[in-house]
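I opened the notebook to look up charged side-chain pairs. My plan is to take them one pair at a time.

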Amino acid sequence: MRIAYLGPEGTFTHEAVRRWVGARSVDARSGDGDVAQQPLATVREVHDAVASGAADRGVVAVESSVEGYVVPSLDALLGSPDVVAVDEVVLDVSFDAFVRPGHADPSGLREATAHPHGLAQCTRFVAERNLLPVPASSNAAACRDLADHQVAFGPRLCGELYGLETLATGVEDFAGARTRFVVLCRRDDATAAWAPVRAAGREAGRDAWHTMLAVTPVVTGPGVLARVTAEFAERGVNMSSLVERPLKVRESQYVFVVTLDGAPWEPQVRDLFAALLGAGDSLKVLGAFPVAPGGRGLDGVLPDHVPTGSVLGGDDDAAVARGLLW
């Protein structure tokens with residue numbers, strides 16, 4: 001099996017590949033045994049390798065618990081007729097700060113570099129040291145190409161791979177952050193790819209599934225989203241996330257990307273799809289996969305995790321007026 005992933009070696013995506021391969025009891029070492037791992041420079045290259053058949057599987061990050069959906073990964077799935085997600089891996093994410101050996105003197109450090117999502121998760125460290133953020137194509141690329149005047153953020157593995165000095169550990173703003181990665185294959189091969197995943201899911205207690213669905217309302221106007229979500233509620237299908245992406249061809253027209261609890265072949269999900277199609281909506285399944293260990297969300301939102309300045313119905317009038325701008 002040939003697996004393409006966002007490289008170079010040492011990215012969180014690389015770790016997700018190792019985790020996914022290891023869970024299937026095959027040799028996880030690059031190029032050995034049954035698996036050849038191919039690091040590529042961009043998400044688009046990973047996607048194209050799968051679409052063309054140059055890779056049997058691809059692994060890309062799709063959602064961060066801190067920064068939300070990874071837009072290039074999501075847009076690639078939306079724009080491709082040939083690629084679909086068939087499994088997922090969830091990793092706990094922690095960043096260490098690295099410098100080149102002998103360059104830990106703060107007076108010589110002027111920039112911080114990482115993937116944009118990595119930089120966004122380490123803003124406190126950057127601000128406290130008055131560093132200029134410099135985006136990189138991946139965290140591992142930032143570590144590999146690190147200059148003498150820079151600090152790079154990445155997983156611990158990067159320090160070992162690229163011979164770097166650890167300046168600080170666990171520098172992320174939010175402890176306990178997680179990132180979801182999806183495993184890609186060609187759409188025509190999805191049914192065959194799901195068979196062993198479904199069997200392994202049952203054996204590992206992973207009998208719950210997620211489906212990523214793109215819903216594009218053909219007729220828009222007031223109440224269109226309410227109509228769509230009402231179909232979910234009527235059939236008892238839980239919508240665990242909802243984001244919108246522009247259709248890009250015309251202003252103010254969007255596709256809704258929904259992650260729902262269930263698999264496309266389950267009766268209530270099939271009934272939901274039929275109802276949306278009957279209403280004239282355009283549908284596309286972007287992926288379906290058993291929920292990975294650690295991939296289930298919390299039931300409800302913890303009160304201290306809501307946006308700062310939010311108000312509740314029982315708050316005093318002054319607080320409500322300030323929060324809602326009444």
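For this search I take a salt bridge to be a side-chain nitrogen of Lys or Arg within 4 Å of a carboxyl oxygen of Asp or Glu. The model is a predicted one. I searched the whole structure and found 14 salt bridges.

Entry: Asp 48 and Arg 44. I find a salt bridge here, with the closest N and O atoms 3.8 Å apart. The distance counts because the cut-off is within 4 Å. Both residues belong to helix α2 (residues 43–52), 4 residues apart, so about one helical turn separates them. I looked up accessibility next. Asp 48 is partly exposed at 37% relative accessible area. Arg 44 is also partly exposed, at 44%.

Entry: Asp 96 and Arg 156. This salt bridge has its closest N and O atoms 3.2 Å apart. The pair links distant parts of the chain, 60 residues apart. I place Asp 96 in strand β6 (residues 96–99) and Arg 156 in helix α7 (residues 156–161). Buried or exposed, what is Asp 96? Asp 96 is buried, with a relative accessible area of 3%. Arg 156 counts as exposed, at 55% relative accessibility.

Entry: Arg 129 and Glu 128. I note a salt bridge between them, the closest N and O atoms being 3.4 Å apart. Arg 129 is partly exposed, at 42% relative accessibility. Glu 128 is exposed, with a relative accessible area of 56%.

Technical notes. Residues numbered from 1 in each chain as written. Predicted model: local features only at pLDDT ≥ 70, side-chain atom pairs only at ≥ 80, totals over all residues. Heavy atoms only, no water. Helix = DSSP H or I, 4+ residues; strand = E, 2+ residues; numbered from the N terminus. Buried < 20%, exposed > 50% of the residue type's maximum accessible area, 1.4 Å probe, protein only.
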